[in-house]
Amino acid sequence: MRVVGFGFRSGATLASLQNALERALSVGGAAPLDALATESAKSRAPVFRELAQLMALPGLGISTTDMGQMMTPTQSQRIIDRFGTGSLCEAAALVAAGPKAQLVAVRVVSGDGMATAAIADTGKVET
């Protein structure tokens with residue numbers, strides 16, 4: 001299973017998420033994705049739903065409880081305080097991809113700084 005996890009600010013646009021995704025794919029490879037994931041409340045944001053619909057992929061919402069159990073390579077104190085994990089996008093990708101998942105693309109930031117993305121895969125190891 002290959003999942004891209006997203007973190008994004010409330011003012012993020014579809015272009016913000018797409019740019020973060022493109023940057024993550026350039027690091028993690030362009031293998032097909034199985035799902036998009038983010039924190040539960042963010043999963044209801046129109047911009048996230050629109051991206052999932054455009055990509056014809058499920059848009060998964062991950063609980064902060066589940067994400068808080070993930071150790072992530074990226075550590076942001078602001079995100080730790082708010083979500084209980086160091087990187088929302090990394091944690092969402094790891095939880096959604098399953099217990100054997102590893103990151104193939106650690107957190108990347110969109111050009112406008114409004115979105116982050118990371119890719120987790122159950123069949124590959126981080127390079």
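These questions and answers go through a predicted model of one protein chain.

Reader: What makes up the secondary structure of the protein chain, and how do you know the order of its elements?

Author: The chain has 5 helices and 5 strands. Read from the N terminus, the order is β-α-β-α-β-α-α-α-β-β.

Reader: What share of the residues counts as buried?

Author: The figure is 50% of the 127 residues. The cut-off for buried is under 20% relative accessible area. The accessible surface of the chain is about 6,100 Å², and carbon and sulfur atoms hold 53% of that.

Reader: What share of the contacts joins residues 24 or more positions apart?

Author: Among contacts with a separation of 6 or more, 59% are of that kind. A contact here means heavy atoms within 4.5 Å.

Reader: What makes a set of residues a nonpolar core, and which residues touch the most other members of the largest one?

Author: Members must be buried, of a listed residue type such as Ala, Val, Leu, Ile or Phe, and joined through side-chain atoms within 4.5 Å. The largest core has 23 residues. V4, F6, F8, L17, L36, A117 and I119 touch the most other members. Strand 1 (2–8), helix 1 (14–28), helix 2 (46–55), strand 4 (102–109) and strand 5 (115–121) each supply at least two residues. Helix 1 gives the most, with 5. Apart from this core lies another, of 19 residues, including A93 and A120.

Reader: Which residues does A117 contact, leaving aside neighbours within four places in sequence?

Author: A117 is in contact with V4, G5, F6, A20, L21, A24, C89, V106, R107 and V108.

Reader: Why is helix 5 called largely enclosed?

Author: Count its buried residues. In helix 5 (residues 88–97), 9 of the 10 residues are buried, so the rest of the structure largely encloses this helix. The buried ones are L88, C89, E90, A91, A92, A93, L94, A96 and A97. Just after the helix, G98 takes a positive phi of about 110°.

Reader: How many charged side chains are there, and how far apart do the centres of the two sets lie?

Author: There are 11 positive and 10 negative side chains. The centres of the two sets lie 2 Å apart.

Key:
Residues are numbered from 1 along each chain as its sequence is written. This is a predicted model: local features need pLDDT of at least 70, side-chain atom pairs count only at pLDDT 80 or more; totals for chains, interfaces and linings use all residues. Side-chain values use heavy atoms; hydrogens and water are left out. Helices (H or I, at least four residues) and strands (E, at least two) are DSSP runs, numbered from the N terminus. Buried means under 20% relative accessible area, exposed over 50%, partly exposed in between (1.4 Å probe, protein chains only). Accessible areas come from the Shrake-Rupley method with a 1.4 Å probe; for residues, only the protein chains shown count as cover. Lys and Arg count as positive and Asp and Glu as negative; His and the chain ends are not counted. The place of a charge is taken as NZ of Lys, CZ of Arg, CG of Asp or CD of Glu.
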